[in-house]
Amino acid sequence: MLLSSLLTLPAAVLAQTYTEHLHLSPLAQTSHLLAAFNFTSTTPLPAYESGHFTHFPRSLAQILQHTKTRELHLRFAWGRWDDEQWGPRPRMGRREGGTGVEIWAWLDGQDGGGVEERWSGLVNGLSGLFCASLNFIDSTRTTHPVLSFSPEGTHADEVRGLESLHGTLPHEVVCTENLTPFLKLLPCKGKAGISSLLDGHKVFDANWQTMSIDVRPICPGGSTGGECVLEIQQTVDVVLDVERSMRARGDPIPRPRPIEELECDGGKVYNGGDTCYPKVKEGEMGWSLSRIFGTPVRGNCHLADGHADPDITLEVPLDRIVNVTNAQPLDLGNGQSMRSYRLPDHPPGQYTDLALPQQSLNQAVVQPQPPLYATRTITGSGQQHGGMHARLHNPHPYAQTITYFESLPWFLRPYIHTLRVRNSETHEDVKLEKMFYTPAKDRERGTHLELMFTVPAKGEVELSYDFEKAVLRYTEYPPDANRGFDVAPAVIRILPNNTNGEGAASSQHLGEGQGSYIRTTSLLLPLPTPDFSMPYNVIILTSTVIALGFGSIFNLLTRRFVLAEEVPVSKLALRIKAIVGVARGVVGRLKGAKAVEMGGDAVGSGKGDGVGNGAG
Amino acid sequence: MASDAPQATGDFLPSEDGEPVNAVEAAKVVQSPPPEQPKSIWTRRSIIFSFWAIVVCFGLPLWIRTTTVYRADLPLRLMQQWADGLTCQFEVPLHVVVEAPGVSPTVAERLAQTLEEYYNEQNFFPIHRLRVTLSDLPQYDDSLQSPGSDRTSLAGASSNTVLTVRLKPSESESTALSRLDPYEAVLDVYYSPQHLETTRTAESHTRWPFSDTIVGEIQKVFAEEQATLAHLFINSGSPVKIDHLDEILYPQRKEKLARRATRSFKYAPVYHLTFSLFTPAATPSAWEIKAALDEYLEPLLRSFTTISNFTIDTQIQLFASFSPSIHGPLYNAESRLWTLQKTDLSGFINAAEWPLSPSIGEGPTINFILYVPGERGTPLVIAETGGTSWLIPQWGGVQILNLERDSGDRSMLTEADLKQVVFTFADQLTSLLGLPTSPASHALRISSLTRSHTISLILSASSTLGSLARLTQKLPQISIPDTVAESVDMTIHHLESACNGLKAGEFNRALEHARTAEAEAEKAFFEPSMVGQVYFPDEHKVAVYLPLLGPVAVPLIMAVIKEVRAWRAARRKGG
């Protein structure tokens, strides 16, 4: 995939540099456009360590230095990548995260430990920087993955002293407040160059979007020789619905279009004027940068470092017409379907736009297949038990070795003896090459499960296990307890062919050793939720029962038992009786007066009643 | 009624001769139960007693035990005493060493003696005490006369020495001249032989003019420090009495000190310095700040090491725009300058967009901003004064650097470009750190700052202790964990050490103790677990358990009342 080659681009450059790049590629057979932004800046490692940050964002650098973080990967993601329609993921899935927020980092644990504390400092610092709830990544959401991630940067012999930590927040909703600090980290701050296209309204209106920040040290001459640099790579990948993005900005509320404006299929038979069969789209949709992003590219962000890399690349078939305003086409000479442009240097502040008219192409572009299809679901019913079921389908004619990584919350307690990894067709168990499992501890840490196995060619592997749902304490429930609890996506790493785990870990080159990644969707786990007024009810009820019991027992023990006739009449009862008697008398007299007026005969009986009751 | 009537056997039985309530009632009373056995009375009473015993001996302690908040013992009286300033008598001895090579020992001794005598006699300020000693270097050493040996002679003075008075012979001058060394704490006094001669003739009871002159110079050196300390004591409400306050702290000086106090940062052991280059354009995108800081700022920072440490970081921010709240620079066609209004200076920093977040870790961040206007906006100056730099109190400094319009390469600021910039920043830094403006010697200013910081830290830690003591007395429901008690003990211990250190003249050690004391006092006062307990009153606890306690308590109490009544009636009857 061409996009994957983009990853290796900045590794060649050195010292104080900044490059930015936008890759646009319409996703075949859909009306979607993938826009992949990449901002890479490097700074010499000695300057960074002595606090002279130049273009490296100071706010982030301070957090990293304070917590001795050697390599950082931070992801904000939202939406679902549609494998079946959109094909393989951009950047081989290495710059995307699971739904919500995902972070993994290598921290220096050599000098006197305290890695947990530093990790907590890191997530808290980043939480403030990116306005995200990263501070909720505590020990229960942190795992130490072994197989699934390997450092991308060059780390000297200290690799042994580095500890990898991984945390997820699947519940976090990524939004504009995360994009704004993200843009502030860029040297041009979204005011010039391709970052001027990034607008919260568009980015978060996308079908799928992911933001990533990756910081790693690179030493081109190996860990010992050569001048080391620290690289920060920020990417934003969005899949935009072209039609939706191009709707008028003045009318942001989606409402049905009037029937006259609909494109109806004239070949169908209509019974009335108010029906419409949508017309099947022909050819490729027309679009332009300014219409999709609401603004053309403003100026450029070339920081006078002598680079001439393309700012924008466009991946469309060669016979597609592209109208370019104010940009200089570059001939890279490597791709048949790739066109490259560089933003003009003079005069500054120009607007650049790319426009592609609607066009019917002779041959349809075939979207390549993703390396693997993966789905994961929760099975079972009831409040107590459930099961996890994942299907991994290999569409390729060769076997693929993968690692499967799950970090489960502690209140989901898997029964590992029920873990089955089976071939779907033959129902035979698949041999697990490696397995790492850290059991959960209630309220202390979550489950960490890592498996390594091979998915056969054109085959499908099913993975399943049962679990038990824990009952939480009253205060541990979130405010929206009945919504359910998010379970972080599983991370599937497809190891590069003919390598195993150790080989991947030792290979430092980004392009080679990492393999590609796929993440499943996050899951919603319903837990038994109590009625939250319960504690008060319980207090009242038990108190009442105890008081009743106590009262009767106490009375039984201390009362004197006498014959019913011998019961002395208490003063209070006598007085109440007297009052009632007087009241009855008064009422009776009033009634009697009424009866006399009416000339009735009920006088006597009324009086008699009053007296009788009063005496009783 | 029944209560008036004496009861037969002590129980619910109205007496036979009691007046019936009415006729019907009288007709109803037929029988009364037989008199109760003393044994059954005793059984009943012991049952009631045992219930009460359980409640009192077991229930009540359990209730108290489970609902009390833990309160560690605090030395409240001692804390209050510190807050009232009763425990530490502030005394700052100023050790002055007289170095008099080439002067006979008797004369030098007498000079030292008169200096101490005259100074302490004229001194209004009760806290300062001058102690003059002779340098223990050999007096007649010719090698000391050579200028190269100046530094080595200083090493002879002990670390507690505040000021060294160095006598140097001069032939020409008839009046004694003195000069403060701009870097070291040395007062050079040039004397001619006739100055010393006076002493040979004069008797000890007449004043020695030469000594008087030197005392005058020494007083000048410590005048500002005295004013600073006086200002400190007055503002902190300390009970230290200062006579002749108006002479030490005259209004003009008071105003100056107040201005300095509002400008400068609160004392911290570590300050983070952030140097940022802001420009509205894409250039300059590089600067040789590291070299410039190492060259021009580092020596100043090194001189502060006994007081505070510094961390430095730098950054470049391009495309920085002004905040919309200011009017922005106006073009003055006459002078061909872009001008900033004075009212705009406070809003010059675009806090919303410029990444000037405070540094991580303890200690405040001091920001220094170098703003390079874009090519079109150059030159940019302040309208009223034509200046290009200003200070933002307790925040940092701002400076505008106007590059030459026709200078070809704007992309890089060289060390030479930055020299003046760093000097201005250094100047702003000293006033942000509260360094006094006089005396002229930098070392003296630093040591004066050490002393005033020590005293202000002691005062502030003491007043924090006092607040904590008052808080714990006012809120009996607040819990006091052991860590608070430990912190309070630590604070008091370090306060004592600081106070003693001051008295002994070991100012750096005193500052260290005062710093720890302040940190511990703050830690004790802001203990997070104390805050949560403030609003958990007794009423709350009772309300939660009332459904249980109410129904249980009523029969228990009623039974006791009944028994007591019966017992009383029986006794009255028996008596």
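In this predicted model, helix α3 (residues 76-83) of chain B packs against helix α14 (residues 482-504) of chain B at an angle of about 45 degrees, with the axes 11 Å apart. Helices (H or I, at least four residues) and strands (E, at least two) are DSSP runs numbered from the N terminus, and axes are lines fitted to C-alpha atoms, for helices over the stretch in contact, with angles running from 0 to 180 degrees between N-to-C directions. The angle therefore makes α3(B) oblique to α14(B); angles under 35 degrees count as roughly parallel, over 145 as roughly antiparallel, 65 to 115 as roughly perpendicular and the rest as oblique.

Contact means heavy atoms within 4.5 Å. B:Leu78, B:Met79 and B:Trp82 of α3(B) meet B:Val488, B:Ile492, B:Leu495 and B:Glu496 of α14(B).

Chain A holds an open sheet of five strands, ordered β20-β21-β18-β24-β25, with antiparallel pairing. Two strands pair if DSSP finds at least two bridges between them. The edge strands, β20 (434-438) and β25 (516-519) of chain A, each pair on one side only. From one strand to the next, the twist averages 20 degrees. Five bridges join β20(A) to strand β21 (residues 447-455) of chain A, and these strands run antiparallel. A:Thr438 has A:His448 in β21(A) as its bridge partner.

Residues are numbered from 1 along each chain as its sequence is written, while chains are lettered from A and ligands numbered from 1 in the order in which they are written. In this predicted model, local features need pLDDT of at least 70, side-chain atom pairs count only at pLDDT 80 or more, and totals for chains, interfaces and linings use all residues; side-chain values use heavy atoms, with hydrogens and water left out.
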